[in-house]
Amino acid sequence: MIVIDNILISEDVVDKRFVCDLNKCKGGCCEEGDAGAPVEEEEMQIIREVYDQVKHLLPPDAIREIDRTGLFAKDDEFGWVTNTIGSNKGICVFAFHDEAGIIKCAFEQVYREGKISWKKPISCHLYPITAKKGTNGDYERVNYEPREVLCKPGCNLGEELKVPVYQFLKEPLIRKYGEEFYNALDSIAKGDWEEIDFKEK
Ligand code: SF4
Ligand code: SF4
């Protein structure tokens, strides 16, 4: 376990290697899962504001689902999540397929076109790193949780390219925790650190 301030990071984040292999997984994490993507309160407000700018990319059944049941759904385990088509195990309503059949995120697409300044929910941006607040909200656990089958090609590509998980996810880690946190994690990964004991609460 690595501890930086009140953030407890699994050693897998620095020890394991990973690079998404979209050609092989086809962006399946936007479709396969127990629920839509977890969203924070302020992200829900952003999504409401930018919805009209991404709507043209969404398939008709996603728009019908949003009209019928809304942009979000409440999940027992994850709290507010992006809505999904048909059931809580379906594809995210903000996903579309490109010409190659790869699932893409409408927010990210419009962000890349320079039309909005928000890329996508931080939970999606960080995945396969997951972040969960402790029961009392006074600490946070950061884990590496790739899908066993779906992310396997990403694990293999990471091994092949020798890219540690935290380096592949540098941008979202800095987005969520800041540059100082990332630099501390980088020093720890490179062996330049003091280990701190943490007693589980
Ligand atoms: S919000 Fe975007 S990245 Fe996240 S699950 Fe939906 S389509 Fe995928
Ligand atoms: S996290 Fe896994 S399923 Fe999602 S894009 Fe990366 S390799 Fe594919």
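The secondary structure here comes to 10 helices and eight strands. Keep in mind that this is a predicted model.

On overall size, the C-alpha trace spans about 55 × 40 × 30 Å along its principal axes. The radius of gyration is 18 Å; a compact globule of 201 residues would come out near 17 Å, so the chain agrees with that expectation. Of the 201 residues, 27% are buried. If you take the contacts with a separation of 6 or more, 65% of them join residues 24 or more positions apart in the chain.

Next, the domains. Domain 1 is made of two stretches, 1-18 and 128-192, and domain 2 runs over 31-127. Their C-alpha centres lie 23 Å apart. Where they touch, 10 residues of domain 1 are in contact with five residues of domain 2. On the domain 1 side, the elements that give two or more residues are strand S7, at 129-133, and helix H9, at 170-177. That side of domain 1 divides into six nonpolar residues, one polar and three charged.

Now the ligand. Which residues are around ligand 1? Going along the numbering, they are Cys-30, Ala-37, Thr-82, Cys-92, Phe-94, Ala-95, Cys-105, Phe-107, Lys-120, Pro-121 and Cys-124. By type, the shell around ligand 1 has nine nonpolar residues, one polar and one charged.

To recap the two sets of residues: nine nonpolar, one polar and one charged around ligand 1, and six nonpolar, one polar and three charged on the side of domain 1 that touches domain 2.

Terms used: Residues numbered from 1 in each chain as written. Chains lettered and ligands numbered in written order. Predicted model: local features only at pLDDT ≥ 70, side-chain atom pairs only at ≥ 80, totals over all residues. Near = placed C-beta within 6 Å. Nonpolar A, V, L, I, M, F, W, Y, C, P; charged D, E, K, R; others polar. Domains from an automatic or database assignment. Contact = placed C-beta atoms within 7 Å. Helix = DSSP H or I, 4+ residues; strand = E, 2+ residues; numbered from the N terminus. Rg over C-alpha atoms; globule rule 2.2 N^0.38 Å. Buried ≥ 20, exposed ≤ 12 C-beta atoms within 10 Å, placed from the backbone.
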